[in-house]
Amino acid sequence: MSESADDLRTKESITSLGAGILEKAAPTDQPKDEESVSEKEEELRLEDALNVTERDLREAKELAKTLTLDETKQLVKSIHKQHARDPNFPISIIESIENFLANDDIFINPENHEHEIEEMKIEAALITSNSPYAEVRAVVDNHDDPTLPVSTIRAWVIGIFFACCISFINSLFDVRLPSIYVIATVPQLLAYPVGKFFERTLPDWGVTLFGVRHSLNPGPFNKKEHMLITIMSTVSTSVPYTNYIIWIQVLPQYFNMPWANNVLYQVLIGLSTNLIGYGLAGICRRFLVYPAYCVWPNSLVTIGMNSAFHDASTETATVIGPFNSVWKMSRLRLFAWLFGAMFVYFWFPYYIFTALSYFSWMTWIAPDNAPLAWITGGQSGLGVNPLPTLDWNLFTSNGVDPLVVPFFSTFNTFIGSFFSMLIIVAIYLTNAFDTSYLPINTNRSFDHFGKRYNVTRIIDDRGIFDKDKYAAYSPPFLAASNVVVYMFFFALYSATVAYGILYHRHEIMLGLRDAWRSIKKGLPGKKNKASEHETGIDDPNKLDVHNRLMSAYKEVPEWWYMICLAVAVALGMIGIGVWPTNTSPFVVLYGIALCLVFVVPIGIITGMTGVQVTLNVIAEFIGGVWVEGNAIAMCFFKSYGYVTCAHAINFTNDLKLAHYLKIPQRFTFCAQMVPTIISTLISIAVLQYQVKLPDICTPDAPFRFSCPGTNTFFTAAIFWGTVGPRKIWGVGGMYAVTLVGFPIGVMLVVVFYMLSKRWPKNAILRNVHPVVILAGALTWAPFNMAYVWPAVPFAAFSWLYLKKRYLPFWSKYNYIVSAAFSCAIAIAGIVIFFGLQAWDIELKWWGNEVNNEGCDASGSCVLKTLPEGEYFGPRIGEFS
């Protein structure tokens with residue numbers, strides 16, 4: 001190792017987190033040189049024990065000097081209460097706090113425990129002056145400059161421009177196969193050069209309104225403006241979910257309801273679903289944004305990319321990497337190198353050599369070997385393969401980026417996938433539910449001939465369920481993987497509620513208390529006795545430095561969000577009630593009720609783990625039971641029950657982004673509301689154009705607008721709304737046994753909760769997350785282990801090796817690597833799509849065709865085959 005690396009080694013923690021905090025103080029009667037070495041060793045030990053970098057430790061030491069012993073005791077009590085069961089919080093620090101609080105002699109004879117008291121003061125100071133989590137400290141600044149301009153003219157011009165562009169592109173190509181989807185990192189990347197261009201070219205012309213000067217060029221383009229633009233773009237990426245309802249209502253090959261092409265009707269229901277989600281997100285701030293334990297891992301990549309562009313002060317830091325390497329490269333330069341490398345590489349698995357994406361090399365050896373295809377196949381098999389893909393995009397497309405979400409999330413997801421795979425194999429090999437006649441892993445539904453289920457054979461000309469046609473045709477059958485997925489969906493929902501009650505009931509009650517206090521302060525005659533963000537040790541949320549820094553800005557009143565929610569409800573009820581939808585307008589209230597039950601526990605789980613629970617199945621299930629036989633009504637139930645909660649979670653993530661960057665709350669409110677309305681109107685305008693195209697949503701559609709998502713949505717509408725879940729999961733239903741998932745989910749959470757109470761310091765139990773395990777069991781149909789397993793070694797390398805041994809190196813570069821890969825993949829995908837695929841320019845050779853051969857590609861390899869003219873399942877006349 002070089003001399004410079006030796007010097008750096010004395011400053012940075014590079015060993016594992018195994019050492020405890022409380023150790024004997026070093027002797028003080030040493031020679032000066034030895035004392036200097038001892039101080040360096042002590043500092044290195046503290047960095048290691050507290051999982052902190054030198055810069056953060058130095059700052060914490062200064063604050064620790066101002067704390068008294070009583071203040072320290074109260075602070076660490078509050079810290080322990082909030083983080084004792086937190087898998088993201090180091091267990092060694094929890095143990096040191098417990099030892100400190102349990103030692104009464106520390107408080108009786110403090111002069112005998114100066115060393116222990118000093119270390120605990122530093123720990124308390126670190127957590128109250130910075131984030132408790134190293135991953136947050138790596139990218140989020142614990143200081144703020146309130147003088148930075150945020151809601152500037154140029155920020156709004158750039159933000160609205162990108163919001164319009166991203167909404168137009170995503171809406172236009174949403175119905176295309178293959179589709180193109182622009183993620184928010186693309187405008188975040190492009191906004192920086194545009195902002196710098198405005199900074200250098202626009203004059204400092206402006207006007208003063210209400211005492212605030214608004215200039216075309218208020219100075220250097222800063223990180224707050226950049227993040228405000230990113231938030232505007234993020235809320236514009238999604239297409240209104242109600243567009244799917246419009247498609248199946250209007251087109252003649254579906255329900256043929258021309259009246260649904262009314263623009264006002266589409267605007268009302270589109271704005272309603274989007275704004276309800278935002279209103280609920282704002283109301284849930286106290287549960288999901290303010291608590292420090294709600295890290296929101298996916299937001300850290302966005303912030304890391306923002307920091308690379310703007311935080312020049314951290315770019316000069318030199319850090320030690322693996323093999324004693326010294327790294328001086330700035331994050332922006334690393335981003336540029338990795339972006340270029342991934343941009344070039346992604347052309348291979350996406351266009352030049354697509355077999356690298358589904359790298360099912362074992363099935364290439366014997367394409368028609370059925371057992372091999374079942375187990376190792378990457379398309380219709382289970383994807384059990386030590387090297388299933390060479391495509392970074394493939395195994396991060398399921399929302400689990402191994403560099404972003406904590407390792408325990410990635411590994412719990414893998415564990416859930418692995419054990420559920422064993423159940424799938426058992427069901428398939430025993431022919432339970434007649435699954436041996438079907439492909440082992442697919443999300444399609446089948447008839448009793450093993451063919452794809454033809455929903456048009458069970459409905460009349462009006463799209464209404466025909467009982468006689470159904471009795472003469474076939475009940476729907478599910479593949480083994482799909483049966484398991486539904487069972488674990490049911491388990492996931494009950495586990496989510498149980499987890500919220502058992503693990504976070506205190507935090508939820510605290511949020512309810514604060515919400516009630518806020519409401520009372522706004523009532524006439526109630527005096528505001530204390531600031532909403534008043535610093536104190538009685539409320540753990542008030543210990544968070546980011547909450548205290550945000551108190552410098554005016555909070556958005558609760559009634560703003562309540563008005564937003566009320567308007568959204570009114571728009572939805574008018575749209576559903578005035579037009580002949582055959583749906584009760586009160587379906588809107590149902591959606592809010594379902595969301596209120598789940599949004600807080602789902603938000604806490606997502607905020608802590610990066611894994612999101614979706615409500616699509618339970619919304620379809622309840623809606624299908626409630627309005628059996630009415631597919632359109634079920635679709636509205638699904639939209640308001642599922643989409644509003646999903647939007648609320650996504651909008652909450654954006655609120656956390658603004659919280660981390662110290663963007664004033666009212667600016668964030670406007671930056672979400674305005675682009676949401678604009679993007680909804682743009683999406684509806686695109687829909688109005690597309691719905692008039694000849695042969696749209698058919699195999700002969702122009703521009704490949706064959707509507708794969710719409711066809712799936714229509715099938716689900718018939719399956720859940722027309723046939724209805726009673727016939728499938730009701731009394732005597734073929735899959736009624738999968739409802740056992742509901743009690744299983746509760747029992748799993750209760751068992752792990754009791755085990756963690758019995759052995760609270762057990763490292764394995766602290767890192768087992770029952771809800772994430774159940775979410776991992778949903779990997780299947782149509783995904784498989786190829787989407788899960790490759791993330792595990794990357795996550796282990798990042799979180800277990802680099803973070804623990806080279807924390808400063810990991811802190812500087814980890815999230816930049818993820819951001820560079822994501823941006824490069826998105827930009828490369830757009831270039832390939834518009835430059836080649838849109839014009840049907842394809843490369844035809846073995847590397848692009850091998851995955852289309854054999855029974856893994858066709859899904860034709862099944863365990864059992866039917867004799868000619870036979871069918872499986874109940875006999876005709878035995879079902880109805």
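Predicted model: local features only at pLDDT ≥ 70, side-chain atom pairs only at ≥ 80, totals over all residues.
Colleague: Which cysteine does cysteine 697 join?

Modeller: Cysteine 697 is joined to cysteine 707, with an S to S distance of 1.9 Å.

Colleague: Where do those two sit in the chain?

Modeller: Cysteine 697 and cysteine 707 are both in the loop between helix 28 (665-690) and helix 29 (708-723). They are 10 residues apart.

Colleague: Is cysteine 697 buried or exposed?

Modeller: Cysteine 697 is buried, because its relative accessible area is 6% and the cut-off for buried is under 20%. Cysteine 707 is buried too, at 0%.

Colleague: What about cysteine 855, which partner does it have?

Modeller: Cysteine 855 forms a disulfide with cysteine 861. Their sulfur atoms are 1.8 Å apart. The torsion about this S-S bond is about -100 degrees, so the disulfide is left-handed.

Colleague: How accessible are cysteine 855 and cysteine 861?

Modeller: Cysteine 855 has a relative accessible area of 3% and is buried. Cysteine 861 comes to 13%, which counts as buried.

Colleague: What is the pairing in sequence order?

Modeller: Number the bonded cysteines along the chain, and the pairing is 1-2, 3-4.

Colleague: Changing topic. At what angle do helix 26 and helix 27 cross?

Modeller: Roughly 145 degrees, for helix 26 (residues 616-626) and helix 27 (residues 631-661). Their axes come within 8 Å. The crossing is right-handed.

Colleague: Which residues make the contact?

Modeller: From helix 26, Asn616, Ala619, Glu620, Gly623, Gly624 and Trp626. From helix 27, Met634, Phe637, Lys638, Gly641 and Tyr642.

Colleague: How many of them are nonpolar, polar and charged?

Modeller: The contact of helix 26 with helix 27 has five nonpolar, four polar and two charged residues.

Note on methods:
Residues numbered from 1 in each chain as written. Heavy atoms only, no water. Axes fitted to C-alpha atoms, helices over the stretch in contact; angles between N-to-C directions. Helix = DSSP H or I, 4+ residues; strand = E, 2+ residues; numbered from the N terminus. Left-handed = near helix turned anticlockwise from the far one by under 90°. Contact = heavy atoms within 4.5 Å. Nonpolar A, V, L, I, M, F, W, Y, C, P; charged D, E, K, R; others polar. Disulfide = S-S within 2.5 Å. Buried < 20%, exposed > 50% of the residue type's maximum accessible area, 1.4 Å probe, protein only.
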